[in-house]
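Biologist: Could we go through this structure together, one part at a time?

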Amino acid sequence: MRLTTAFSPAFHRRRPHRQMSALIWSRDGSDWPNRNASAFVEAAGIRWHVQRSGDGPPLLLVHGTGAATHSWRGLLPLLAEHFDVIAPDLPGHSFTQSPPSHRLSLPGMAADISRLLGTLGVKPAIAVGHSAGAAILARMCLDGKIAPRLLVSLNGAFMPFGGVANHLLSPLAKLLVLNPLVPRAFAWQASSPGAVERLIANTGSTIDDKGMALYRKLVRSPAHVAAALRMMANWKLEPLLHDLPRLAPPLVLVAAANDRSISPVVAQQVREILPQAILERVPALGHLAHEEHPGLIADITLRYAHATAAD
């Protein structure tokens, strides 16, 4: 793994966490997957936790709301056999510090990740995003912040909630964000037996005990929960959908049949907006398909990466 001066594991010792109840690397990162690929870098005014591994064309991984780099624990090593893989924790998530609340939005996070890539000197050739991470990557492409030759969406969250839910959920998230007790209450509730198991089951996925323990660690952190809530409160997809026909790189839409979080119908709707997009249907897996079967997702990514390289 190539390190720059800013991309240094020692950085976290120079500037400790200032967030109350945030995860602390020296304590909570001791069992973090692919820990030897982890380092910290300052960019966009915050300290980021980034995992970087492998050699080859740069490949950027962006996880979804409420997750972290742990979700790539099986996929990252497989991709690192072929690529220089860069995977940050999103702002406010896991071990990355949180920016001001207004930057936890689709354009705000796209801009901040772009500044992180600038600090690292990385221009991704391939971009892979899960859920909201796919929307962030699409926004970065549309804004000219990255120009990959391939964009892979894993159960991408491209569509807003429909009907009454669309009008209720965003204001509700805003109200929850205004109450500092809500993230603590959620984290406390998550410590009850079976709470995280129910959350994961509702995604339509079945993951291993290690993955379950890591999600349990995340949702017990009020700072992590607060960032996810603020992200939800600021999330507006309509401008992205308006601009999507301008998307330049080839888009592969991986849609898992058992996804209970993002219906596979969403991928079909995106394809109607962007007819040149490729739809890859994945049977028997849920929203966390990349955690359930990382080998399958790696194979899909490699197949299209090789095809676009030939072009």
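This is a predicted model: local features need pLDDT of at least 70, side-chain atom pairs count only at pLDDT 80 or more; totals for chains, interfaces and linings use all residues.

Biologist: What percentage of the residues is buried?

Modeller: Of the 311 residues in the protein chain, 56% are buried. The chain exposes about 13100 Å², and carbon and sulfur atoms supply 58% of that area.

Biologist: Let us turn to the aromatic rings. How many aromatic pairs does a search of the whole structure find?

Modeller: The search finds three aromatic pairs. One of them joins tryptophan 25 and phenylalanine 95 edge-to-face, at 4.9 Å centre to centre with 85° between the planes.

Biologist: Where do tryptophan 25 and phenylalanine 95 lie?

Modeller: Tryptophan 25 is in helix α2 (residues 25-28), and phenylalanine 95 is in the loop between β4 (84-88) and α4 (106-120), so the pair ties together parts that are 70 residues apart in sequence.

Biologist: Is phenylalanine 95 buried or exposed?

Modeller: Phenylalanine 95 is buried, with a relative accessible area of 0%. Phenylalanine 95 also forms an edge-to-face pair with tryptophan 32, at 5.0 Å centre to centre and 85° between the planes. Ring pairs link Trp25, Trp32, Phe40 and Phe95 into a cluster.

Biologist: Now asparagine 155. Where does it lie?

Modeller: Asparagine 155 lies in the loop between β6 (150-154) and α6 (163-178).

Biologist: Why does asparagine 155 count as buried?

Modeller: Its relative accessibility is 5%, and buried means under 20%.

Biologist: Which backbone atoms does the side chain of asparagine 155 reach?

Modeller: A polar atom of that side chain lies 2.9 Å from the backbone nitrogen of alanine 256. The side chain of asparagine 155 also reaches the backbone oxygen of glycine 286, at 3.3 Å.

Biologist: On to helix α12. Which of its residues are buried?

Modeller: In helix α12 (residues 265-273), the buried residues are Val266, Ala267 and Val270. Seen down the axis of α12, they fall within an arc of 100°, so they line one face of the helix.

Biologist: What do the buried residues of α12 pack against?

Modeller: They pack against β7 (251-256) and β8 (278-282).

Biologist: And how many residues of α10 are buried?

Modeller: Helix α10 is mostly covered, with 10 of its 13 residues buried.

Note on methods:
Residues are numbered from 1 along each chain as its sequence is written. Side-chain values use heavy atoms; hydrogens and water are left out. Buried means under 20% relative accessible area, exposed over 50%, partly exposed in between (1.4 Å probe, protein chains only). Helices (H or I, at least four residues) and strands (E, at least two) are DSSP runs, numbered from the N terminus. The arc is that of the directions from the helix axis to the C-beta atoms. Contact means heavy atoms within 4.5 Å. Accessible areas come from the Shrake-Rupley method with a 1.4 Å probe; for residues, only the protein chains shown count as cover. A polar contact is a pair of N or O atoms within 3.5 Å; within protein, one must be able to donate a hydrogen and the other to accept it, and residues adjacent in sequence count only if both atoms are side-chain atoms. Rings of Phe, Tyr and Trp (its six-membered ring) pair if their centres lie within 6.5 Å; planes under 30 degrees apart count as stacked, over 60 as edge-to-face and the rest as tilted.
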